Amino acid sequence: MRLERFRPSHSAYCRLRAPRLTQRRRDAAYHHDNVPPQPPQDWTDVDAWDRYLRAQARAAAPRADDILSLRFAPMVLREGGRLWVPGCGVDRGPALYAALGCRVTVTDVSPFAIGWQAALAAQPGTRIARGWKAFTDANQLVPAPGSFVALRQDFTQEQPDGEFDVVINCRAFSQLAPDVQRRAARSFEGRLRPAGHLIVDTLNVQGDERTTLEDSLLDAGFFIPGQEAERWYRDQLAATGIVHAMVLGRPMIPRGDQYPPDEFAACARRDQAILASFRAAYEARVDAAVPEAQRRLADGVTKIAHVLYATG
Ligand SMILES: C[S@@+](CC[C@H](N)C(=O)[O-])C[C@H]1O[C@@H](n2cnc3c(N)ncnc32)[C@H](O)[C@@H]1O
């Protein structure tokens, strides 16, 4: 299995071969050399976000099936349809939630993103994403008039007015400094109604980074279903000292230089077995946590955080 995480990225490769580019020159390189745009290293650099998002927005409209933030639509509708999407960027999902009758608020520090989102939401669903009708039919979703508000705001400092049933933050959390994550988590918690849901959708967030992220949500008062079992598993795996990466929730040994090349297969087999030895106890902990999660989900008060860890 190929583990993207341990291969030098194209941009890392370019850095080895070429003088370091400034963010502005990296953005310019995208147009001339087709180097994919990179998010700014400094997340407070609003101009850099504008340039990055402007480059991203040039992509052709995707198929509705490929818009990841839309996969929560049944849950958002079931929970009442009042949705806040902080750090929306140029995700087309929020405008489509409004086309499903949701009352949507998007916020972002980037003026470009906010103008783009407002213009997008004025279009019909069929113009926002390809295959919209087939998508709604296949998922038994019924288009209906909703509402859409786009605000330029820093979600770690400000929140939109009103109360929300669901907050969806996609790939706009784990890169923040730990104290800023804690502020953001409190910000989201403060705008959710009792028993509301926060979804934090992440890409390749593992190990200690994951613990930091979850700590910020727990600190803000969220309940994270199954979190204690996950953390126990993570701690056990980390304590082995075996180099591994989680792929689809399971520890895998990446091909690297952690073992002598001629002993790689044997060492990897031995260590994979050690990593696998925690699985049964982990699954038992997951099962044991279900009643408490069910109780908290049904108590009408607890605000729930769902953290999704996709491995890319
Ligand atoms: C990696 S992009 C993800 C965008 C979008 N959610 C998606 O999944 O395509 C991160 C986004 O968060 C925004 N952002 C970063 N820090 C922010 C903050 N403190 N407040 C509001 N938006 C922020 C950036 O402008 C950018 O649009």
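## First stop: the strands

Start by selecting V166, which sits opposite H197 of β5. On another strand, L83 is the residue standing opposite V166 in β4. Before you go on, note that this is a predicted model, where local features need pLDDT of at least 70, side-chain atom pairs count only at pLDDT 80 or more, and totals for chains, interfaces and linings use all residues. Numbering starts from 1 along each chain as its sequence is written.

Is β4 buried or exposed? 7 of its 7 residues are buried, so the strand is largely enclosed by the rest of the structure. Buried means that 20 or more other C-beta atoms lie within 10 Å of a residue's own; 12 or fewer makes it exposed, anything in between partly exposed, with C-beta atoms placed from the backbone.

Pairing takes at least two DSSP bridges between the strands.

## Next: the core

Select L83, L96 and Y97, the residues with the most contacts inside the largest nonpolar core, which has 60 residues. Such a core is a set of buried Ala, Val, Leu, Ile, Met, Phe, Trp, Tyr and Cys residues joined through C-beta atoms within 7 Å. This core lies between domain 1 (4-57) and domain 2 (68-223 + 301-310), because both give residues to it. The domain bounds come from an automatic or database domain assignment.

Zoom in on L96: leaving aside neighbours within four places in sequence, its contacts are A64, I67, L70, G125, I128 and A129. Contact means C-beta atoms, placed from the backbone, within 7 Å.

## Then: the ligand

Which residues are closest to the ligand? Pick W49, G87, G89, C170 and A172 out of the 20 that surround it, counting a residue if its C-beta atom, placed from the backbone, lies within 6 Å. Helix α3 (46-57) and strand β2 (103-108) each supply at least two residues of this shell. Domains 1 and 2 both contribute to the shell, so it lies between them.

## Last stop: a loop

Finish at V301, in the loop between α13 (279-298) and β8 (304-310). V301 counts as exposed because it has 9 C-beta neighbours inside 10 Å. Beyond residues up to four places away in sequence, V301 touches P194 and A195. The C-alpha atoms of V301 and P194 are 4.7 Å apart, although 107 residues separate them along the chain.

Methods: Contact = placed C-beta atoms within 7 Å. Helix = DSSP H or I, 4+ residues; strand = E, 2+ residues; numbered from the N terminus.
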